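Hi there,

Here is the structure I promised to pass on. My notes on it follow below.

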Amino acid sequence: MRSSFSGLEIAKRSLFTHQAALSTTGHNVANANTRGYTRQVVNMTASSPIEAVGLMRSGVPGQMGQGVEFSSITRVREQFLDKQFYNENKSLGQWTVRKETLEKLEAIINEPSDTGLNSVLNTFWSSWQELSKAPDNLEARALVKESSLALADSFNHAARQLSDLKSDLSDSINVKAGEVNSLLTQIARLNEQIYRNEGLGDNANDLRDRRDVLVDDLSKIINLTVQDGEQGYTISMGSEVLVEGNVPTEFDSDLVTSAYAEDGSGDLNSGELFGLIYSKDRIVTGYQNQLDALVTTIAAELNAVHQTGYTLEHPVTLGGEFFQFAPLDPDNPKTAAERFRLHPDIANDVEKIATSARTYTDANGVVRVVRGNNEVALQIAQLRNQKFNFDGSGLEKIILNGGTFDEFLRAVVGEIGIQAQEATRQSDNQQTLVDQIDARRQSVSGVSLDEEMSNMIKFQHAYNAAARALTTFDEMLDKVINGMGTVGR
């Protein structure tokens, strides 16, 4: 037979189950705007039925249902979309860093403009052209001196900015490595907490959300793979295991150095950290080399011509070096463009600028310079249109050989522009892919307020119905207990 009190138990279970469903719905609504929050659902199952007590099978048709109960509260999440997000997010991090680096390079070179290196270089050649018209004019010589100082200052300034950018990238690498360390430590701690809580039979949904947010952040900095095991997430970067259970690996400079390879064949092959190292070692260093190749060629070619001419000094004196490079400090090494200088002798005395290629012997037998001769000044002015091999004294990859100084500078500017355009395109494409995948994740895991409101109404009605059923069973039992067996009293 049925128990007289089974109805109360069924109604009670329904009340508790739908109360849990309403609480979970409220939790979802409260976290609708929480980053990384995953929608949670209460999994309801029918309670195990029972048969009426008897020595043999009950004659009551069917088994007696015992209502509803919830077996678990779980997150609605798809791991496949998470893996897609990690793969695209690492490329976004790499291209974003390269884009930002190249944008800074464009600002440093500042071409095309009226104040960039090309403008200063044009002014320098023009001053020599003017000097060739009046080689003994001190004002024209002063103009050459000032334009030369301006040229050296411009190259020095651009080179210092490149060095500062390289230093900033080095600092950013250290910051990102520290950030990775912090994220790995937090993930390891959450692994431990989740393992402890779920060992008691609970689903640590909110802790898992916190851990997934950390992994999302980490996936933009480095390339990673994630495996979910009994001890929690095992996170690897290539063949390097970074987190296993509650044990994080120390992410130090030695690990970064050993994991990085410029061609992307190392364990570290993508992400912001890879982009920072590549930008520092390849992009910025590459353009430092181009700038060094340009100034060393200018200095070598101009000095070679200048040293064949005569100054205005007496007795007759051959021209010395026009440009020179400051001594290299081994404790603070600087690029050639940073050390590029106008020779101090010329900066202090414009008569030491050699413009004449001829001498004569006066009536007293004294050799003198033909002050009005402009052959050397004209040769130097004509260097502007000559083509040179910019070997850069053995520096790596030179952008252009067999071109003029202006063509070389334009080639450098053009390559920066092309690389910046490519980095912007790649960054925009990756941002679109990441946004698309994240939107798909949100469509699966995100909280829809309309859906939650619908669920809330549904669970509220079910709760009210269960409460009404409980009241009905209570009234029935009250009749049985207090209203039956009173005949004849």
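The axes of helix α2 (residues 79-109) and helix α4 (residues 138-198) come within 10 Å and cross at roughly 160°, so α2 and α4 run roughly antiparallel to each other, which here takes an angle over 145 degrees. Axes are lines fitted to C-alpha atoms over the stretch in contact, with angles from 0 to 180 degrees between N-to-C directions. Helices are DSSP runs (H or I) of at least four residues and strands (E) of at least two, numbered from the N terminus.

Please keep in mind that this is a predicted model, where local features need pLDDT of at least 70, side-chain atom pairs count only at pLDDT 80 or more, and totals for chains, interfaces and linings use all residues. Residues are numbered from 1 along each chain as its sequence is written, and side-chain values use heavy atoms, leaving out hydrogens and water.

Now the charged pairs: there are 25 salt bridges, each a side-chain nitrogen of Lys or Arg within 4 Å of a carboxyl oxygen of Asp or Glu. In one of them, Asp209 pairs with Arg75, with the closest N and O atoms 2.8 Å apart. Asp209 sits in helix α5 (residues 205-221) and Arg75 in strand β2 (residues 68-75), so the pair ties together parts 134 residues apart in sequence. Asp209 is buried at 5% relative accessible area, and Arg75 is buried too, at 18%; buried means under 20%, exposed over 50% and partly exposed in between, with a 1.4 Å probe and protein chains only.

Within helix α4, Glu179 and Lys176 lie 3 residues apart, about one turn, and their side chains meet in a salt bridge (3.5 Å, N to O).

Best wishes

Note on methods: Parallel < 35°, antiparallel > 145°, perpendicular 65-115°, else oblique.
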